[in-house]
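Open the model in your viewer and keep the selection tool at hand. We will go stop by stop.

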Amino acid sequence: MQPITTLNDFFDRSGADVLLFHMGRRVTTCPRDALIALENLETPWPEPWQAQARLGIVFQLGDMPEPAIWFLALPLDEQGYLSPGQRDAFLQRLLETLGRNAQGLDDGKHDEIEHLMQDNPLVFTPSTHFLAMLNAQATQQLSRPASQHLELVEAYFSKQMSVDWQALGLQGLADFTVRMDASQAQQLADVLPDMPVELLHALAYCLEHLSLDEGLVRALIARGELAAQAADIESLCACIRAVGGTPGEPTSQWYTGLLEDTAASGPDILAAIAGRGWRHLEDGQRLPLFLDRLAEDPRTDFGAVIRDLALIPRLRLPVIMFLKEAPGGSAVQQRLAALAPHTASAQD
């Protein structure tokens with residue numbers, strides 16, 4: 001029998017039913033092939049976060065009454081490929097706990113595995129809204145019922161009954177956004193102009209993980225513009241993040257307009273675009289504009305942001321080329337000069 005050398009080997013050999021989720025830049029389904037390619041050192045991780053491949057692994061095996069969930073942050077090298085040392089050490093400890101038998105999960109060793117996960121350098125604790133979105137997506141994919149909070153959220157947005165918005169839980173909002181149909185998306189768009197600010201922020205934490213209907217995107221952009229006029233940067237950034245996972249011209253054009261407005265594109269706005277809307281930077285004009293604004297604002301952590309963006313496979317070459325071709329004396333060149341030794345390694 002072939003030895004177990006990867007996480008994918010372990011789940012294959014154990015016969016577990018597995019769902020994988022990206023848990024770094026946003027919560028989305030992760031194809032099994034992405035993990036296989038990463039562990040085989042074939043490709044860099046597609047959605048790195050803080051030089052890690054952050055995974056939510058939902059699996060069930062044998063007599064387990066409920067699915068188990070592991071949150072693992074696999075270290076990446078400077079090009080986004082797996083640094084396998086910690087993964088290998090974790091697998092060794094896991095197999096020792098199971099007596100070298102991946103089927104040990106089916107032999108009543110659930111408690112031992114949980115203890116192993118508590119003392120594991122790869123384990124991380126997701127934020128509350130990431131946990132809510134994982135639960136919402138996993139229960140939907142497993143054909144399990146949503147949380148008890150969903151009904152109240154549906155009643156609030158449909159205006160079928162008078163509900164205090166403060167009674168709406170984050171899990172209910174997450175369930176609603178993951179399961180909403182076109183009609184419910186329109187209901188959401190209709191109530192956005194008058195939505196309480198605190199509710200808008202909580203809702204945006206959920207929407208930023210999803211691809212949205214165009215009507216809802218345009219409503220979020222309109223609410224973001226109102227926030228900009230009122231100098232409500234937190235609400236503006238919430239709307240920027242909320243539409244970041246949706247491809248298409250409305251979001252891209254809005255981002256371009258924000259970046260062109262030198263008075264508006266402050267560090268919080270740049271962070272919102274880079275953190276959740278990075279796909280819209282895959283553009284020959286928008287990426288240079290973003291990097292120029294990033295360099296021009298002394299409040300930004302220029303080095304950290306460019307290193308983060310350069311780890312994203314589709315952005316790595318464009319970012320490096322722009323940095324190499326930045327005109328002498330430009331803000332980008334000045335920031336690079338201040339970073340000199342660090343930037344050299346990022347461009348290799």
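The tour covers a sheet, its helices, some charged pairs and some ring pairs. Keep in mind that this is a predicted model.

**Stop 1: the sheet**

Select strands β1, β2, β3 and β4. They make an open sheet with the order β2-β1-β3-β4, and the pairing is antiparallel. Now look at the two edges. Strands β2 and β4 (68-75) sit there, each pairing on one side only. Look along the sheet next. On average, neighbouring strands are turned by 30° against each other, direction ignored.

Three bridges join β1 to β2 in the antiparallel sense. Pick His22 and find its bridge partner in β2: Thr28.

**Stop 2: Thr28**

Centre on Thr28. Its place is in strand β2, residues 27-29. Is Thr28 buried or exposed? Its relative accessible area is 13%, so Thr28 is buried: the cut-off for buried is under 20%.

Show what surrounds Thr28. Leaving out residues up to four places away in sequence, Thr28 touches Leu20, Phe21, His22, Glu47, Gln137 and His209.

**Stop 3**

Helix α1 lies across β1, β3 (52-60) and β4, and runs at about 155° to β4.

**Stop 4: Arg25**

Select Arg25 and Asp308. What joins them? A salt bridge does, with the closest N and O atoms 3.0 Å apart. Arg25 lies in the loop between β1 and β2, while Asp308 is in helix α15 (residues 302-310), so this pair ties together parts that are 283 residues apart in sequence. Both Arg25 and Asp308 are buried.

Arg25 lies over the face of Trp278, at 5.0 Å from the ring centre. For another arginine over a ring, select Arg54 and Phe124. Arg54 lies over the face of Phe124, at 4.6 Å from the ring centre.

**Stop 5**

Side chains of opposite charge can pair when their charged atoms come close. How many salt bridges does a search of the whole structure find? It finds 13.

Go back to helix α2 and select Glu39, then Arg87. Their side chains meet in a salt bridge, 2.7 Å from N to O. Arg87 lies in helix α3 (residues 85-97) and Glu39 in helix α2, so the pair ties together parts 48 residues apart in sequence. Arg87 has a relative accessible area of 4% and is buried. Glu39 is buried too, at 6%.

Now jump to helix α14, residues 286-296. Arg293 and Glu296 both lie in this helix, three residues apart, about one turn of the helix. Their side chains meet in a salt bridge, 2.9 Å from N to O. Check the accessibility at each end. Arg293 counts as buried, at 12% relative accessibility. Glu296 is partly exposed, with a relative accessible area of 43%.

**Stop 6: the rings**

Switch to the aromatic side chains. How many aromatic pairs does the count come to? The count is ten. Start with Phe10 and Phe11. They form an edge-to-face pair, 5.3 Å centre to centre, with 70° between the planes. Phe10 counts as buried at 0% relative accessibility, and Phe11 counts as buried at 2%.

Move to Tyr156 and Phe157. This aromatic pair is edge-to-face: 5.3 Å centre to centre, with 75° between the planes. Tyr156 is buried, with a relative accessible area of 18%. Phe157 counts as buried at 2% relative accessibility.

Finish by returning to Phe10 and Phe11. Select them together with Phe59, Trp70 and Phe90. Ring pairs link these five residues, Phe10, Phe11, Phe59, Trp70 and Phe90, into a cluster.

Notes:
Residues numbered from 1 in each chain as written. Predicted model: local features only at pLDDT ≥ 70, side-chain atom pairs only at ≥ 80, totals over all residues. Heavy atoms only, no water. Phe/Tyr/Trp six-rings, centres within 6.5 Å; stacked < 30°, edge-to-face > 60°. Buried < 20%, exposed > 50% of the residue type's maximum accessible area, 1.4 Å probe, protein only. Lys NZ or Arg CZ within 6 Å of the ring centre and 35° of its normal. Helix = DSSP H or I, 4+ residues; strand = E, 2+ residues; numbered from the N terminus. Contact = heavy atoms within 4.5 Å. Pairing = 2+ DSSP bridges. Axes fitted to C-alpha atoms, helices over the stretch in contact; angles between N-to-C directions. Salt bridge = Lys/Arg side-chain N within 4 Å of Asp/Glu carboxyl O.
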